Amino acid sequence: MALVIVLGIAAALLVMGSSYLSTFSQSRPVNLKILEKVQADLLATGLQKIALLKFKRFPEDFYHACFYQFAWDDPVKRTTLFPYDPLPLDVFQGDLVLQNGIPDLISPLSVNMYSTTYRLLSHKAYTRDSVEIVINLQMTNTSPVHAYSLKVDASRIPVNP
Amino acid sequence: MNSRNGTTLIEIVMAFLILVIAVLSISGLISFGHRGTQKDFRMVQAIQLMEDTMNRFLVASCSQLLAAVPGTTPVTFTDKLLDIPLGPVKVGANDFTVNVTLARQAVSFSTRELDIVSSPPEYNKNDPATWRFSGPTDRNGKFDGVALPYRVVKIHVVVSWTELLHNIRRQVDAVSFAVDFTP
């Protein structure tokens, strides 16, 4: 009888121990996921700044590219446009640095993919723009794609009025 | 021969032995789990330290960061830089080492510029149908230290520590960019 009781207790302890071990073994992958998310957040912040540098450098080209794109997206207006390939907006947001085209840019880290998109949210022609810069970033091919949005309200003031 | 119901000494000894083996196994398991929890805790601390250090660099003056890297070769800093603590850092009871590597990063931007010269005579700034663009060019967008000064600094933060039990060196790292927006 004593053996039966002890074997029962030992079995119960074994079940408790294995469930404890299983809980513990799941915490390490969670930590790695946290690390991956922090790395993605910090990298996206830097990439948004680079994208913002381009907008600050070429606000007029962005403005023209967007308006051309609006007309291009309208099937009626498109017929009157010169068919550029690639379109001005695709050129504007197609730089290698904005589209994961430079292998060493983020080494020693690696990402599966990232892309940059510019959107004109509102505007007052040539004087004020509200721009959204969106970075889509995926660290590994099994990770979710994280989207990071940066909205900028930009006023244009002539340097030499 | 008399037969009595009850527990023999052999049964008690066997039961005791099984109980001891089970308890020892479980205590070993709990100890292993505790060590693992401490290890994970150190990693979380390291991630927080790395994030904090990177955020400090991202809000620092980029022109000062550019000045800290005079050439094109990446420079690794192991001592305090711009009041940001680097080198040995103690968090709670755990010791970490924080290093940062800064490098000037060349970037090149291309656009299609509006080409008013080759636009038709009826050019109207409000009508895209009258617009003509140039071919893709990076003429005014090469921040490579030659055409235009560097504006981007690549920041690589590494936080490392030693796992005392197995004397294994571990590290976490992150990469980001600081940009000089001054006109």
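## Fold of chain B

Chain B contains two helices and seven strands, taken as DSSP runs numbered from the N terminus (H or I of at least four residues for helices, E of at least two for strands). In sequence order the pattern is α-α-β-β-β-β-β-β-β. The radius of gyration of chain B, at 32 Å, is well over the 16 Å that the globule rule gives for 183 residues, so the chain is more spread out than a compact globule. That radius is taken over C-alpha atoms, and the rule is 2.2 Å times the number of residues to the power 0.38. The C-alpha trace spans about 125 × 45 × 20 Å along its principal axes.

This is a predicted model, in which local features need pLDDT of at least 70 and side-chain atom pairs pLDDT 80 or more, while totals for chains, interfaces and linings use all residues. Residues are numbered from 1 along each chain as its sequence is written, and side-chain values use heavy atoms, without hydrogens and water.

## Burial and contacts within the chain

Of the 183 residues in chain B, 43% are buried (under 20% relative accessible area, 1.4 Å probe, protein chains only). Among contacts (heavy atoms within 4.5 Å) between residues at least 6 apart in sequence, 61% join residues at least 24 apart.

## Interface with chain A

In chain B, 59 residues are in contact with 59 residues of chain A. The area buried between the two chains is about 5200 Å², with 72% from carbon and sulfur atoms; buried area is the accessible area (1.4 Å probe) lost on putting two parts together, summed over both. On the chain B side, Phe109(B), Arg112(B) and Phe181(B) lose the most area to chain A, together 14% of what that side buries.

Terms used
Chains are lettered from A and ligands numbered from 1 in the order in which they are written. Buried means under 20% relative accessible area, exposed over 50%, partly exposed in between (1.4 Å probe, protein chains only).
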